[in-house]
There are 2 protein chains.
Amino acid sequence: MPCIKKTIYTLYVTSTHEKFVGVLSLRELFSAPEEATIEEVMHTDLVSVNVQEDQEQAAQKFKKYDFIALPVVDTKDRLVGIITVDDIIDVIELETTEDFQRMAAVGSSEESYMDASIFSLVKNRIGWLLILMVSATFTGGIIGRFEHTLQSIAALNMFIPMLMDTGGNAGNQSSTLITRGLATGDIHTGDFLKVLFKGFSISIIAGIILSIVSFIKLMTIEKVGFMIAMIVSLTLIFTVMMAKLVGGMLPIIAQKMKMDPAVMSGPLITTVVDALSLFIYFTIANALLGL
Amino acid sequence: MPCIKKTIYTLYVTSTHEKFVGVLSLRELFSAPEEATIEEVMHTDLVSVNVQEDQEQAAQKFKKYDFIALPVVDTKDRLVGIITVDDIIDVIELETTEDFQRMAAVGSSEESYMDASIFSLVKNRIGWLLILMVSATFTGGIIGRFEHTLQSIAALNMFIPMLMDTGGNAGNQSSTLITRGLATGDIHTGDFLKVLFKGFSISIIAGIILSIVSFIKLMTIEKVGFMIAMIVSLTLIFTVMMAKLVGGMLPIIAQKMKMDPAVMSGPLITTVVDALSLFIYFTIANALLGL
């Protein structure tokens with residue numbers, strides 16, 4: 001059926017100066033009185049995309065209006081082309097794949113995984129891995145700085161992975177969902193305060209639940225001392241709060257600064273959150289242990 | 001233009017038993033000879049979706065054929081409806097959001113972030129956070145098991161966050177891209193061996209590069225001993241190899257087992273990779289230090 005798929009039965013009406021002035025369907029044309037002019041039967045509430053617009057904006061219009069085709073006009077409102085919705089599906093897929101790539105800290109590429117050479121796949125991955133490896137050194141530096149705390153209670157060591165992971169996961173949840181919300185138009189940068197408030201409330205409740213479960217587990221199953229259980233559980237509350245705030249706010253701030261919010265999510269947030277988690281951990285430990 | 005958007009100018013032809021037998025466009029109908037029957041002018045190479053099919057499969061057909069509408073048939077090939085491409089855009093968006101949610105280890109929800117109550121947002125997040133928190137305890141257990149190694153060289157402690165993060169990032173890159181490839185149809189489960197080979201090659205090259213950079217950095221900037229630099233750099237190669245294999249394979253295995261590959265990516269892989277990274281680290285340390 002190759003002839004069918006691209007046939008659009010919508011007529012776009014232009015003025016004598018090629019300006020886009022109206023639209024009507026073939027059905028309306030056929031059912032109009034014989035003596036009517038096009039001007040009389042056409043609709044003038046027009047939706048179009050401009051040649052200068054980003055393809056992502058065009059995709060947003062398709063989603064909003066549920067059209068099958070949209071006329072394209074130049075800066076002087078002259079009709080210069082048409083976009084159909086099947087082209088837009090490809091645009092949406094591509095933009096989404098780009099978001100996934102950014103979130104996974106991979107250089108963006110339109111090559112398919114199966115077609116790309118091993119060299120170009122390495123090239124897209126190694127940059128971020130190097131940057132993140134070097135920045136994780138700071139996290140290690142925090143452990144180095146608090147070496148004396150770890151030496152006084154070696155058991156504190158065992159909870160480092162759990163605290164880092166939980167912080168990373170909590171931050172990742174927020175950053176991914178906020179980034180996705182910004183991409184689908186569900187969340188706007190103007191919602192900053194509302195998102196801040198929601199994120200803050202969620203983080204307090206989630207932090208307290210995790211903290212209580214952890215405290216019970218530490219006292220009953222792992223049977224660590226009361227002081228260690230207190231340090232770990234208190235750290236959990238503050239870590240989850242910090243992680244959810246960092247994860248929720250950075251994508252919105254990125255969007256406000258006209259950067260792609262997806263760059264802010266995933267690995268970058270994990271690195272920031274990891275360092276802050278350990279800092280919170282050792283600060284609480286030092287305070288409670290009086291070091 | 002509300003009347004235009006949903007008007008499809010494709011005629012679906014049915015037999016006397018309501019069986020879907022042909023298709024033709026309004027344009028073809030008008031340009032056909034007057035005495036021709038519908039049977040003579042219609043096309044019979046048909047594409048349709050079955051009522052039983054998953055909406056994701058319908059979306060795949062739209063992407064493949066670039067159609068604006070597809071007829072829906074029941075199990076007896078009777079024409080029962082029509083899907084238009086603008087409905088499919090919503091399906092694609094929803095499925096993608098679901099993938100993002102799974103990757104972020106958030107319970108899936110069709111509620112928008114802005115509309116959802118704080119209680120339901122906490123509910124969608126807390127389950128995975130608890131599961132992952134408890135499983136990260138195993139990672140901590142590995143540190144506990146190798147306490148004697150850490151006590152003989154306390155400096156090893158400082159590289160734990162960097163190794164865990166780099167492993168997690170490398171695994172995350174692979175799992176996210178493979179999961180996305182499976183979702184867009186770029187990668188199929190039948191490509192298992194090819195993906196395994198590619199992943200393996202990428203991981204060796206990336207591992208060696210990271211390892212060399214890390215070794216130079218450790219010897220020149222951080223000025224640690226040769227032995228520690230060796231332990232950390234060797235661990236990096238094996239960690240990146242392991243992470244990329246785990247990250248690349250688990251989503252494909254999930255898909256083969258008819259599970260959603262997105263569940264396998266992100267936090268779950270990070271947890272597995274973290275534990276394995278530390279195990280590799282301490283095993284290499286013990287071997288090189290002769291402990």
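The model is a predicted one. In chain B, this phenylalanine belongs to helix 9, which covers residues 192-220.

B:Phe200 contributes to a nonpolar surface patch of about 600 Å².

## Interface of chains A and B

The contact between the two chains involves 106 residues of chain A and 106 residues of chain B. Together the chains bury about 9,700 Å², and 71% of this area lies on carbon and sulfur atoms.

Between chain A and chain B there are 2 salt bridges. One pairs B:Arg180 with A:Glu93, with 3.9 Å between the closest N and O atoms. On the side of chain A that touches chain B, helix 6 of chain A (residues 118-145) gives the most, with 17 residues.

## A:Ser214

Helix 9 of chain A, residues 192-220, holds A:Ser214. A:Ser214 counts as buried because its relative accessible area is 3%, and the limit for buried is under 20%.

With neighbours within four places in sequence left aside, A:Ser214 is in contact with A:Met162, A:Val232, A:Ser233 and A:Leu236 in chain A, and with B:Met133 in chain B.

Terms used: Residues are numbered from 1 along each chain as its sequence is written. Chains are lettered from A and ligands numbered from 1 in the order in which they are written. This is a predicted model: local features need pLDDT of at least 70, side-chain atom pairs count only at pLDDT 80 or more; totals for chains, interfaces and linings use all residues. Side-chain values use heavy atoms; hydrogens and water are left out. Patches are made of residues with over 30% relative accessible area and no salt bridge: like charges are joined within 9 Å, nonpolar side chains (Val, Leu, Ile, Met, Phe, Trp, Tyr) within 5 Å. Accessible areas come from the Shrake-Rupley method with a 1.4 Å probe; for residues, only the protein chains shown count as cover. A salt bridge is a side-chain nitrogen of Lys or Arg within 4 Å of a carboxyl oxygen of Asp or Glu. Helices (H or I, at least four residues) and strands (E, at least two) are DSSP runs, numbered from the N terminus. Contact means heavy atoms within 4.5 Å. Buried area is the accessible area (1.4 Å probe) that two parts lose on being put together, summed over both. Buried means under 20% relative accessible area, exposed over 50%, partly exposed in between (1.4 Å probe, protein chains only).
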